[in-house]
Amino acid sequence: GVFIPVDPKGQVVLNPFPHRDSVYKDGVWDTSALNYLRLILDLVLEVREKSMDADLYRIILSKALKNMYLSVEQPVLSDLPQFIEDEDREKVKILVKLLKGFIDDPVSKMINGLSTIRYGDEPFVIYDLQKISGLNEKLKELLTFIVIQEAKRTAFEITDSFILFDEAAQLIKDPRLADLIEELFATARKYNTGVWTVTQNYLSFKELSLSSKIKINTTATIFLSHAGDEEAKRLVSSDFGFTEQEKAAFDGLKTVKGEYALALFRVQSGDSFESEVVRIELSPLDYAVATSDRE
């Protein structure tokens, strides 16, 4: 599959600006695409409040977006400053200064440039969100927003595929993103794309308001061993409504490093569930490599 590390090193570039054909075609503007880009710029420039002054800034940026797309087929963020113009020179000066300040920050490499991702026909697309927690709040929100939109795009571009969010708790901490994630699940289901949310900390996951909505939209769940975490085991059994047989199976799960892991697979079938404990063989070589000296 395609592995996408979302981190400040800029190993991967996620360009939020689509090709002109997705925004402007045959003399018609795609309003949803423009709205998405306006939201991106709101997050970049932290134009958040609803006021007349903020709306004037948004009008200037909207005009700049359209002018950019009329001139550039495949724009990137650093193309935008040259198209910001208005009679109110002071507002233009402020917007250009803020935008260039963000572009000059090395962390902007993650979204400023042509996308480096090529999906091809790969069945799995994995977004690794581990490093996103180390970013400031603005960047976390911005990257989460872009990752969700990018994931939605993969649902359109790759049929019968799977999108995996590793460290999913990082993705759904911000309640303002709830609607976006719900929309992603709905889009994925519509286009026969599976979305996997992966987390190793059930207690953190459960605290999020979105966890219940994800659970409602989930048809298959895989539980791994929770070792000695009795509180998490009790909550998992309770929240998922385990039968006595399932609870016993879950409590008996274990992982033997370098040998095997037991997992409880639970699949919805109509109004009921079918479950089975599955033994997953682990490679001793993988374990040796993962725990050996880095050099």
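This is a predicted model: local features need pLDDT of at least 70, side-chain atom pairs count only at pLDDT 80 or more; totals for chains, interfaces and linings use all residues.
Local features need pLDDT of at least 70 and side-chain atom pairs 80 or more, while totals for chains, interfaces and linings use all residues. Residues are numbered from 1 along each chain as its sequence is written, and side-chain values use heavy atoms, leaving out hydrogens and water.

**View 1. Helix H10 (residues 230-239) against helix H11 (residues 244-251).** Helices here are DSSP runs of H or I, at least four residues, and strands are E runs of at least two, numbered from the N terminus. The two axes come within 10 Å and cross at roughly 150° (lines fitted to C-alpha atoms over the stretch in contact, angles from 0 to 180 degrees between N-to-C directions). That makes H10 roughly antiparallel to H11 (over 145 degrees; 65 to 115 counts as roughly perpendicular). Lys233, Val236 and Ser237 of H10 touch Lys247, Phe250 and Asp251 of H11, contact meaning heavy atoms within 4.5 Å.

**View 2. Helix H3 (residues 52-71) packing on helix H4 (residues 89-104).** Here the axes sit 11 Å apart at an angle of about 75°, so H3 and H4 are roughly perpendicular to each other. From H3, Asp53, Leu56, Tyr57, Ile60 and Leu61 meet Lys91, Ile94 and Leu95 of H4.

**View 3. An open sheet of 4 strands, in the order E1-E4-E5-E6.** Pairing is parallel, and two strands pair if DSSP finds at least two bridges between them. At the edges are strand E1 (2-5) and strand E6 (194-198), each pairing on one side only. The twist averages 15° from one strand to the next. Strand E5 (residues 162-166) pairs with E6 over 5 bridges, and Asp166 has Val198 in E6 as its bridge partner.

Methods:
Angles under 35 degrees count as roughly parallel, over 145 as roughly antiparallel, 65 to 115 as roughly perpendicular and the rest as oblique.
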